[in-house]
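Hello,

Here is the structure I promised to pass on to you. Have a look at it first, and then read my notes below.

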Amino acid sequence: MAIGLAPIRPPFVEFKQVAIEDRQASLDAGRRVTRNENHVYIRQLGDKDVFVTKADEWLSSIKKKSILRSHDAFPEEWVEKFHRNYDLWKKGIEAPIDGTSIKEFPVLSPAECENLITLKIFTIEDLASLNEDGLRMIGLGGRALRDKARQWCSAQSQAEIQLTEMQK
């Protein structure tokens, strides 16, 4: 990773089951009737805006774009990860995080750690890749935390390169 440049990270994707009114069933029954529907909540890292849609339709759409190599397609490994995470979610299993848990970042106080988790920043790599909007969400000290995360990621990358060289 180049100094000052953050790697591209996938958006934060969360699956939820929500109750949706079944309009025809409500009219037929003369009362409100709901059914469960799986939705996906998508938010770019550091952004406040959340895009919500039906999970199955979104997954099908991004898979199709990936196969067609559309200009707005997600990388294939992201698409596969989203599908795996959806399957895990349907089984009631929490998906693994993609990176090193923010809880393992020694420069953070417990309060800073919890504040970042509240903002859906779960990994050190996510913190390192925050944009200006994300820094504003953190508030004072956000830039310093991001810079420390970038330094940590760079050091980890250098350590991996050295280990690889030693193994040759």
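**What I found**

Arg69 is exposed, with a relative accessible area of 68%. This residue sits in the loop between helix 2 (55-68) and helix 3.

You will find Lys120 in the loop between helix 4 and helix 5. Lys120 is partly exposed, at a relative accessible area of 27%.

Please keep in mind that this is a predicted model. The chain averages a pLDDT of 87, and 95% of the residues score at least 70. Confidence is highest in strand 3 (residues 51-54), at 96, and lowest in helix 7, at a mean of 83.

Now to helix 7 itself. Its 26 residues, 142-167, reach 37 Å from the first C-alpha to the last, close to the 38 Å expected. Which residues of helix 7 are buried? They are Gly142, Leu145, Arg146, Ala149, Arg150, Cys153 and Ser154. These buried residues pack against helix 4 (110-118), helix 5 (124-128) and helix 6 (132-138).

Finally, the largest pocket holds about 660 Å³ of space. It is lined by 26 residues, and the closest to its centre are Phe12, Val13, Ala95, Ile97 and Phe122. By class, the lining has 15 nonpolar, 3 polar and 8 charged residues. Strand 1 (12-21) and helix 3 (76-90) each supply at least two residues of that lining.

Best wishes

Note on methods. Residues numbered from 1 in each chain as written. Predicted model: local features only at pLDDT ≥ 70, side-chain atom pairs only at ≥ 80, totals over all residues. Heavy atoms only, no water. Helix = DSSP H or I, 4+ residues; strand = E, 2+ residues; numbered from the N terminus. Expected span 1.5 Å × (residues − 1). Buried < 20%, exposed > 50% of the residue type's maximum accessible area, 1.4 Å probe, protein only. Contact = heavy atoms within 4.5 Å. pLDDT = per-residue confidence, 0-100. 1 Å grid on protein atoms, 1.4 Å probe; cavity = no way out; pocket = protein on both sides within 12 Å on 5 of 7 lines; lining within 4 Å. Points joined across faces, edges and corners; volume = space filled by probe spheres on them. Nonpolar A, V, L, I, M, F, W, Y, C, P; charged D, E, K, R; others polar.
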